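Here is a brief report on the structure shown below. It covers a helix, a sheet and the model's confidence.

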Amino acid sequence: MIYSGSIVFIEPDCLEEVSEMLDDLQGVDIHGVSKDKKQLVVSIEAESDELLEELSRKIKSFEPVLDIGHHVMHFEDEVDNILQGKKIPDLKGFQRSRRREKNPLDAV
Amino acid sequence: MSISRRNFLKVSVATAAAASVGISLPKKAEAAGADVDKWVKGACRFCGTGCCVYIGVKEGKVIAIKGNPEAKTNFGFLCVKGFLAYKCMYHPDRLKDTMIRQKDGTFQKVSWDKALKHVTDKFKSLHSKYGKDAVAYYGSGQAMTEESYTFNKLFKGGFRSNMVEGNPRLCMASAVGGYISTFGSDEPVGSYADIEYSKCIFLVGSNTSECHPIIFRRIMRHKLKNPDVKIIVCEPRKTSTAKIADLWLPVDPGTDLAVFHSMAKVIFDNNWHDEKFMNENARITNGKETFDLAAYKEFLKDFTPEKVEKLTRCPAENIRKAAEWFATSGASMSLWTMGLNQRTKGVWANNLMHNLHLITGNICKPGADPFSLTGQPNACGGVRETGTLCHLLPGTKPVANSKWRAHIEKEWELASGTIDPKPGFHTMKMFDSLGGEESADKPIKGMITCTTNPAQSLPNLNKYIKGMQDSFLVVIDIFPTRTTQLADVVLPAAFIYEKGGVYGCSERRSQLTEKCVEPVGNAKPDAWIAAQIAKYMGLEKLIPWNSDDQMKNNEMAWAEYIRVTKDTDHTLEGATYDRLKREPAGLQWPCPSTDHPGTYKRYVRGMDPMFEHAGFKAKFGVTMPTDRASYFYMDKKGEGKANIWLRPYAGPAEAPSAEYPFYLTTGRVIEQWHTGTMTMRIPEIARAHPNGYLEIHPDDAKKYGIVAGDMVEVTSIRGKSVLPAVVTKASLPGILFVPMHDQQMDRMINFVCNDAVDPGSKEPEFKIAAVQIKKISGPVNVADKYIISDINSSF
């Protein structure tokens with residue numbers, strides 16, 4: 001299991017909307033909000049870093065979400081699983097395979 | 001796992017994240033330590049941004065990582081590559097033993113003593129039979145500064161050989177050439193902090209979003225907070241960076257010199273230039289003579305936007321708009337990387353970027369700076385600044401400079417004349433000169449590589465594999481690679497968090513990583529390996545930092561390095577180990593004393609301490625007039641001026657022809673599940689092609705009957721590669737793109753790439769090759785995520 005402590009940056013006046021969306025995501029908990037209500041402190045719990053990334057992407061895809069920034073990651077369980085031979089880590093993150101996206105400029 | 005521990009960890013990570021941005025949580029964790037024994041300060045291992053991290057250690061294992069909120073680079077945030085360093089550290093494929101290749105071709109595990117004796121006996125033999133230059137060193141911008149410094153000293157001071165190179169030759173050499181030929185000194189004038197002051201950001205030859213995501217994040221947030229800030233992207237491909245662009249300048253590969261000249265022409269035609277700044281701070285030159293502004297305008301007269309559009313396919317109107325925004329915004333910052341550097345005209349391209357800043361006065365003030373982003377974490381600090389290249393000495397001064405050579409000899413306690421005044425071979429010539437003892441035409445018979453993989457990363461690979469195979473090749477690395485497949489001896493290296501040391505990032509900032517945990521297996525720090533080689537060769541007096549206490553070794557090497565370079569414009573004399581341990585965000589050079597805070601901007605009176613540095617002025621004979629607010633004090637003519645270069649237009653070494661009708665460009669791309677700014681991603685396509693692929697425009701695909709997933713053979717005059725097609729409008733018609741990091745032999749695009757080099761920087765033109773394509777078959781599943789795991793596997 002991997003735990004991330006992250007900040008979700010949102011558009012003004014969208015706190016309620018974003019909070020509802022985040023509440024619907026399994027593994028995502030809201031722990032606090034900045035005074036200007038533009039930053040949410042969340043923890044993300046995921047089975048793997050790939051799933052954590054999927055969750056991050058999903059959060060990022062919400063219209064009022066400007067960005068998500070990860071500050072801390074705790075991966076003790078992952079390290080133990082690797083050292084005990086229960087898991088072989090995938091190094092694809094370091095091979096720079098291509099992420100696809102639909103580029104808005106394609107339409108230009 | 002108990003629920004309470006889960007909750008504890010969730011609250012712990014949330015508390016740490018909240019603290020990083022100054023948010024108070026209603027319910028704090030009892031210990032906001034994420035269940036670790038200690039947090040150890042360090043730098044991220046990946047890319048040249050220089051993100052500062054804390055490594056969480058528990059029971060001798062790295063189990064957590066967090067960004068340092070006090071860092072001036074990343075402000076407490078990290079991208080995924082930094083978070084996932086543990087996957088490298090604890091991967092079962094880590095090399096854990098010293099190995100010597102046997103006659104049957106397989107490796108046998110041996111002791112460190114036996115391996116070191118074998119290596120040094122062979123080096124001695126090669127030196128004895130073929131001379132001091134028979135053994136070469138090929139290092140890396142990923143090695144620690146202490147490691148590069150140690151190998152450099154061992155070779156240049158111990159072996160008396162300048163056959164010392166590193167992979168920054170393949171990525172940053174043209175940026176170095178650009179800075180030195182324009183300003184007289186390597187590395188940027190300003191800092192990342194200029195991003196937040198800028199009104200216009202010009203991104204050129206840089207897919208910042210994927211290659212420097214934390215920098216991109218800073219740019220994006222600056223743009224979000226300040227919508228009036230203009231973002232211009234100049235790239236052959238519509239990369240993900242273009243998402244935040246207000247203006248895209250599409251260009252055919254290698255033709256952007258004409259675009260930069262055209263922007264300069266538009267700026268002059270509209271009187272948007274800063275003539276006063278130009279007169280006081282710059283000269284117009286072609287390297288032989290100087291010219292007045294009228295001559296410069298005459299030189300530019302043919303670079304009308306309309307003519308340049310025909311040459312480059314960049315719309316004339318976009319060139320005009322880019323010139324206007326760049327010149328009139330009030331503070332323009334340019335950032336670039338390999339797209340400008342990996343070219344046969346890379347130095348010229350860098351010069352022309354600097355030109356735009358100099359003619360508009362967009363330099364030496366907040367938010368205005370020409371900034372070359374570095375690709376590797378320690379290309380600047382480790383290789384450029386320590387002079388671990390064939391033509392340099394520590395302090396980035398030429399080996400051919402007799403005064404500096406004498407200074408280094410004195411500091412290293414060597415007899416006068418020990419260091420060879422003649423530069424060694426640059427990277428491509430070095431590998432071209434590498435071969436077996438039976439090859440009379442190959443003067444280099446042995447090589448030691450450190451933290452790099454030339455058997456995959458060199459261009460035109462077919463030409464260089466045999467030399468690596470036939471020579472005596474010693475490889476220091478953490479994993480089996482294409483290069484270990486050609487090695488005679490493999491020495492297992494420690495990972496950064498298993499050894500510690502200093503990294504110097506793109507913005508002249510040096511940061512110390514302290515050792516966090518013990519290395520896996522029998523792996524050893526690279527600096528220890530270098531020191532042991534010295535010891536086994538009778539050179540322990542030259543490299544005395546050979547104890548088993550690696551942090552002590554590192555500190556000794558660092559202390560010597562900052563003493564040797566204390567009077568240079570790159571001085572880090574104030575960045576002692578003690579201080580680097582205490583400083584939360586590292587230090588930017590020049591940093592001449594332990595009470596100096598480091599330098600945000602160079603060449604500006606009141607900001608740059610070199611204006612007052614007596615030792616520097618005496619050593620380099622610099623005098624600075626008191627009436628100049630800015631002064632480029634490394635100007636070779638002693639006038640404190642930068643050079644505005646009249647570089648004629650020149651295209652790439654290889655242009656498309658009837659036989660090879662396409663441009664091929666290569667590059668890095670971020671891993672497909674990386675956290676970035678991608679809101680409209682299509683994961684199904686990414687999962688279908690996790691490995692190498694060929695991007696082709698729909699018009700070209702239609703012409704060749706290619707649909708998505710078809711296997712396509714890409715061929716240049718040098719070699720070929722077979723890849724699945726990705727049909728996309730990301731590139732202009734006629735331009736193909738292939739990422740360069742797939743290890744599977746058929747998909748290693750560097751067999752196709754051009755090894756022609758820039759005559760100034762000797763950096764090869766990775767970015768541009770003329771190729772033909774042929775559809776081989778329909779879709780084939782190539783999602784094999786190929787990596788080399790078996791040390792005994794064949795090349």
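## Ground rules

Helices (H or I, at least four residues) and strands (E, at least two) are DSSP runs, numbered from the N terminus. The expected span of a helix is 1.5 Å times one less than its number of residues.

This is a predicted model: local features need pLDDT of at least 70, side-chain atom pairs count only at pLDDT 80 or more, and totals for chains, interfaces and linings use all residues. Residues are numbered from 1 along each chain as its sequence is written, while chains are lettered from A and ligands numbered from 1 in the order in which they are written.

## Helix 22 of chain B

Helix 22 of chain B (residues 550-564) has 15 residues and should span 21 Å. Its end C-alpha atoms are 21 Å apart, which agrees.

Eleven of the 15 residues are buried (20 or more other C-beta atoms within 10 Å of the residue's own, C-beta atoms being placed from the backbone). Helix 22 of chain B is therefore largely enclosed by the rest of the structure. Among the buried residues are Trp558(B), Glu560(B) and Tyr561(B). Their cover includes helix 5 (145-159) and helix 17 (402-411) of chain B.

## A sheet in chain B

Five strands form an open sheet in chain B, in the order 10-9-8-13-14, with parallel pairing. Strand 10 (247-250) and strand 14 (369-372) of chain B stand at the edges, each with a single partner strand, so one side of each lacks a neighbour in the sheet.

Strands pair if DSSP finds at least two bridges between them. Strand 9 (residues 230-235) and strand 10 of chain B pair over four bridges.

## Confidence in chain A

Over residues 95-108 of chain A, pLDDT stays under 50. Where pLDDT is low, the predicted coordinates should not be read in detail.

Conventions: Buried ≥ 20, exposed ≤ 12 C-beta atoms within 10 Å, placed from the backbone. Contact = placed C-beta atoms within 7 Å. pLDDT = per-residue confidence, 0-100.
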